[in-house]
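These are my notebook entries on one structure.

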Amino acid sequence: MSTQKIPQATAKRLPIYYRYLKILNDAGKERVSSTELSDAVKVDSATIRRDFSYFGALGKRGYGYDVENLMKFFSKTLNQDHLTSVALIGVGNLGHALLNYNFHQNNNTRISAAFDVKEEIVGTIYSGIPVYQMDEMMEQIPLQQIEIAILTVPAQVAQDTVNKLVEAGVKGIMNFTPVRITVPKNVRVQNVDLTNELQTLIYFLDNYAGEEVSEEE
Ligand SMILES: NC(=O)c1ccc[n+]([C@@H]2O[C@H](COP(=O)([O-])OP(=O)(O)OC[C@H]3O[C@@H](n4cnc5c(N)ncnc54)[C@H](O)[C@@H]3O)[C@@H](O)[C@H]2O)c1
């Protein structure tokens, strides 16, 4: 299977497919049809077939897909064999929740360091994760080989914090703040805007109530 450049919508679905294929594989299941997969992951089967065709995984009529092969391929594509350490900046309401959660569904991604300015929490360990003072970032981020940061600071300090993260060598930022942050070209930002998500949901309920939901983007 080759790794050509795949559409973003497909890339976003990969972890969903991977998680389910892993469950099947752990349960000793050898093959799966796109219809079965579709029911489990709530993506229509035409989309699944198209997504998989980008990887050259065509599936055989009457046989379906080989679970182990696909799972191994997705694992490699998603870099599941390699542990990714992530930093969290801003241990407030949202930051605490994310530290607690710590992506435990995914055993190769973990928050390994948190940073804040609040004296009372700096130097403590929260959910097994040490909280450092902001001025320790320049040292800790390269030392812990962290390339990804989750940004949960107040909006007014978001850009300033991002500048520091970039200077420390971070290459990807998951931005929970409502600020549209500016980064150099070699840094990627993923915005997580809960208000936006909720507005989209309301829009769909208002305008498409009763229609069948399609996962196509
Ligand atoms: N709470 C939510 O449900 C929610 C949801 C979506 C988005 N957000 C956004 O996430 C961000 C955090 O929200 P919150 O509710 O957790 O806020 P919060 O005030 O509870 O937490 C912010 C944390 O950032 C720290 N901080 C302040 N200045 C800092 C700096 N210069 N460097 C490092 N840390 C600093 C504070 O000490 C605090 O611990 C905000 O931008 C908010 O708009 C929050």
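I looked up Val 91 and found it in the loop between strand E3 (84-89) and H5; helices (H or I, at least four residues) and strands (E, at least two) are DSSP runs, numbered from the N terminus. The model is predicted: local features need pLDDT of at least 70, side-chain atom pairs count only at pLDDT 80 or more, and totals for chains, interfaces and linings use all residues. Residues are numbered from 1 along each chain as its sequence is written.

I checked burial next. Val 91 counts as buried because it has 23 C-beta neighbours inside 10 Å (buried means 20 or more other C-beta atoms within 10 Å of its own, exposed 12 or fewer, partly exposed in between, with C-beta atoms placed from the backbone). Leaving out residues up to four places away in sequence, I listed its contacts (C-beta atoms within 7 Å), among them His 96, Asp 116 and Tyr 126.

Gly 92 lies in that loop between E3 and H5 too. With 13 C-beta neighbours inside 10 Å, Gly 92 counts as partly exposed.

Of the 22 residues around it (C-beta within 6 Å), Gly 90, Gly 92, Asn 93, Leu 94 and Thr 177 come nearest. Helix H5 (93-101) and strand E4 (109-116) each give two or more residues to this shell, and H5 gives the most, with 3 residues.

Last, I examined helix H8 (residues 194-208). The number of its 15 residues that are buried is 0, so H8 lies largely in the open.

How values were computed. Two residues are in contact if their C-beta atoms, placed from the backbone, lie within 7 Å.
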